[in-house]
Amino acid sequence: MRARITYFALAFAATSSWAALPLLPGPAFPDYANPAALESACTRNLATAQAAVKRLERAEPGPQWLGAYDDINALAEDLAGPIYLLSNVHPDKPMRDASEACELRWQDFFSTLGQNEKLFRAARQVKPRDAIERELLKSTLEGFEDAGVSLPADKRARAKAINDRITELGQTFDKNVRDAG
């Protein structure tokens, strides 16, 4: 243990400050001043993700389509991920509550994305260029199928409602576990 502490002390001393440490890839973790700021960011971030989906709906399913779809998923994960974390670890209940409300909105986005018929039809037209794209396409198509995109409209709506309800129940379970201690 002492050797580990010494190593970390030396590693920290070798840098003049935290600012000198290399930045990690990806977006910085957001800092929301209050629940209203979180709610505003949630609305803005969902609009950004929805705009990206609309752009892809208009795109031809050519060689770049699969990468663009993957980019949408990465964008949505980058924007939604901090919300999921905050709902579980933020020390202030109003911030956790705002995070949980935003989580439900993101779940609606993801379940709607999974049932997007335009994107599903486009994905089915994509011709993968290599083994990696074949695997990504297979996973993408399976995701659409699992979300119920090919079901009749009434059953698709029921599948979405079930997915959304599962999220709500999971959120309640997580909240009960978090608040039990």
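Some conventions come first. Residues are numbered from 1 along each chain as its sequence is written, and side-chain values use heavy atoms, with hydrogens and water left out. Because this is a predicted model, local features need pLDDT of at least 70 and side-chain atom pairs count only at pLDDT 80 or more, whereas totals for chains, interfaces and linings use all residues.

Let me begin with the overall fold. The protein chain has seven helices and zero strands, where helices (H or I, at least four residues) and strands (E, at least two) are DSSP runs, numbered from the N terminus. Along the sequence the pattern therefore reads α-α-α-α-α-α-α. The chain has 181 residues, of which 32% count as buried. Buried here means under 20% relative accessible area, exposed means over 50%, and partly exposed lies in between, with a 1.4 Å probe and protein chains only. The accessible areas themselves come from the Shrake-Rupley method with a 1.4 Å probe, and for residues only the protein chains shown count as cover.

I turn now to the disulfide. A disulfide is a covalent bond between the sulfur atoms of two cysteines. In this model it is assigned to a pair of cysteine sulfur atoms within 2.5 Å, and by that rule the count comes to one. Which residues does the disulfide join? The partners are Cys-42 and Cys-102, with an S to S distance of 2.1 Å. The pair links distant parts of the chain, since Cys-42 sits in helix H2 and Cys-102 in helix H4 (residues 93-114), 60 residues apart. The torsion about the S-S bond of Cys-42 and Cys-102 is about 95°, so the disulfide is right-handed. Cys-42 and Cys-102 are both buried.

The next topic is the salt bridges. A salt bridge is a side-chain nitrogen of Lys or Arg within 4 Å of a carboxyl oxygen of Asp or Glu, and the structure holds 11 of them.

Helix H4, which carries Cys-102, also holds the pair Lys-93 and Asp-97. The closest N and O atoms of this salt bridge are 2.9 Å apart. Lys-93 and Asp-97 are four residues apart in the helix, so about one helical turn separates them. Lys-93 counts as partly exposed because its relative accessibility is 44%, and Asp-97 counts as partly exposed at 30%.

A network of salt bridges links Glu-100, Lys-175, Arg-178 and Asp-179. Within it, Asp-179 pairs with Arg-178, the closest N and O atoms being 3.0 Å apart. Asp-179 is partly exposed, with a relative accessible area of 42%, and Arg-178 is partly exposed at 21%.

Patches are made of residues with over 30% relative accessible area and no salt bridge; like charges are joined within 9 Å, and nonpolar side chains (Val, Leu, Ile, Met, Phe, Trp, Tyr) within 5 Å. Lys and Arg count as positive and Asp and Glu as negative, while His and the chain ends are not counted. The place of a charge is taken as NZ of Lys, CZ of Arg, CG of Asp or CD of Glu.

Which residues form the positive patch? They are Arg-55, Arg-58, Lys-118 and Arg-121. Helix H2 (35-58) and helix H5 (117-125) each supply at least two residues of this patch. Both Arg-55 and Arg-58 lie in helix H2. Arg-58 counts as exposed because its relative accessibility is 63%. The C-alpha atoms of Arg-58 and Ala-122 are separated by 9.8 Å, although these residues are 64 residues apart along the chain.

The negative patch is formed by Asp-70, Asp-71, Glu-77 and Asp-78. Glu-77 belongs to helix H3 (residues 65-89) and is exposed, with a relative accessible area of 56%.

Val-89 is exposed, with a relative accessible area of 52%.
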